[in-house]
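Dear colleague,

I am passing on the structure we talked about, with some notes on what turned up in it. Please have it open beside you as you read.

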Amino acid sequence: MALWKNDEELFAIARKELFTALVGDVLDKMGFLHQFLSPQIKPLRSDMVTIGRAMPVLEADVFVEKAEETHLPLMKKPFGIMFEALDSLQPNEVYICSGSSPRYALWGGLMSTRALKLKAAGAVVDGFSRDTPEILRLNFPTFSMGTYAQDQGPRGKVLDYRLPIEFNGIRVNPGDIVFGDLDGVIIVPKEAEEEAFNLAIEKARGEKLVKQALEEGMSTVEAFAKFGIM
């Protein structure tokens with residue numbers, strides 16, 4: 001039985017009590033050994049945290065902003081269907097995008113403004129972000145490979161959204177939980193979320209007891225023998 005009633009309660013508990021390393025440890029024990037995205041994916045500011053449901057977006061490289069002769073009508077649209085993808089964001093969803101090469105920015109200030117209005121939880125992109133001062137001013141949780149001003153306009157298009165993608169080889173399905181902090185971004189598959197977060201919450205609350213015992217002078221050997229947590 002879940003220790004929360006809805007997503008809002010779960011995400012509030014996670015923000016207050018959990019961190020990605022702890023959730024990753026639990027998923028390891030459950031047999032989900034490859035759920036962290038690349039360590040290159042970092043928050044724009046060290047205190048940024050995102051947790052929400054994945055809204056996966058598929059990006060692809062292009063070499064012209066608007067193609068005149070094409071077999072694919074999408075090639076005539078600047079940015080592909082990026083605007084439609086962005087506008088589809090729901091409260092507590094994370095815009096998570098992969099598929100392109102790291103030659104340009106996949107997220108920016110105006111996108112953050114729109115996502116905030118839609119009450120989205122954050123953005124995680126397999127590439128760069130830009131308009132950094134604006135994103136920091138907005139305090140919108142943004143995770144990327146770093147900052148780079150080059151625009152995606154003539155270089156990339158969104159091909160589709162709300163479909164399964166792979167991000168650094170990790171499968172991301174619509175509705176999976178995306179949890180990111182300074183130590184990384186982890187994908188919690190929907191089918192594992194109840195068990196994973198129940199165990200993570202119990203572990204976090206148990207670690208408080210271990211911390212207290214260590215502060216009072218108990219050895220790590222004794223603490224692990226008593227609590228089974230370290």
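A residue is called buried when its relative accessible area is under 20%, exposed when that value is over 50%, and partly exposed in between. Please keep in mind throughout that this is a predicted model.

By that definition Asn92, at 23% relative accessibility, counts as partly exposed. Asn92 belongs to the loop between helix H3 (82-87) and strand S3 (93-98), and its phi is positive, about 70°, although Asn92 is not a glycine. As background, most residues other than glycine have a negative phi.

Arg162 also has a positive phi, near 60°, and is likewise a residue other than glycine. Arg162 is found in the loop between strand S8 (156-161) and strand S9 (165-167), and with a relative accessibility of 34% Arg162 counts as partly exposed.

Turning to helix H2, which covers residues 20-30, the buried residues are Thr20, Leu22, Val23, Gly24, Val26, Leu27 and Met30. After H2 comes Gly31, with a positive phi near 95°.

Finally, there is the second largest pocket, whose volume is about 180 Å³. Its lining has 14 residues, of which Gly108, Met111, Arg130, Asp131 and Asp151 are the closest to the centre of the pocket. Two or more lining residues come from each of H3, strand S4 (105-107) and helix H4 (109-117). By residue class, the lining of this second largest pocket divides into 8 nonpolar, 3 polar and 3 charged residues.

Technical notes. Residues are numbered from 1 along each chain as its sequence is written. This is a predicted model: local features need pLDDT of at least 70, side-chain atom pairs count only at pLDDT 80 or more; totals for chains, interfaces and linings use all residues. Side-chain values use heavy atoms; hydrogens and water are left out. Helices (H or I, at least four residues) and strands (E, at least two) are DSSP runs, numbered from the N terminus. Buried means under 20% relative accessible area, exposed over 50%, partly exposed in between (1.4 Å probe, protein chains only). On a 1 Å grid over the protein atoms alone, a cavity is a set of points where a 1.4 Å probe fits but cannot get out, and a pocket is an open set with protein on both sides within 12 Å along at least five of seven lines; lining residues have an atom within 4 Å of a point. Grid points are joined across faces, edges and corners, and a volume is the space filled by probe spheres set on the points. Ala, Val, Leu, Ile, Met, Phe, Trp, Tyr, Cys and Pro count as nonpolar, Asp, Glu, Lys and Arg as charged, and the others, Gly among them, as polar.
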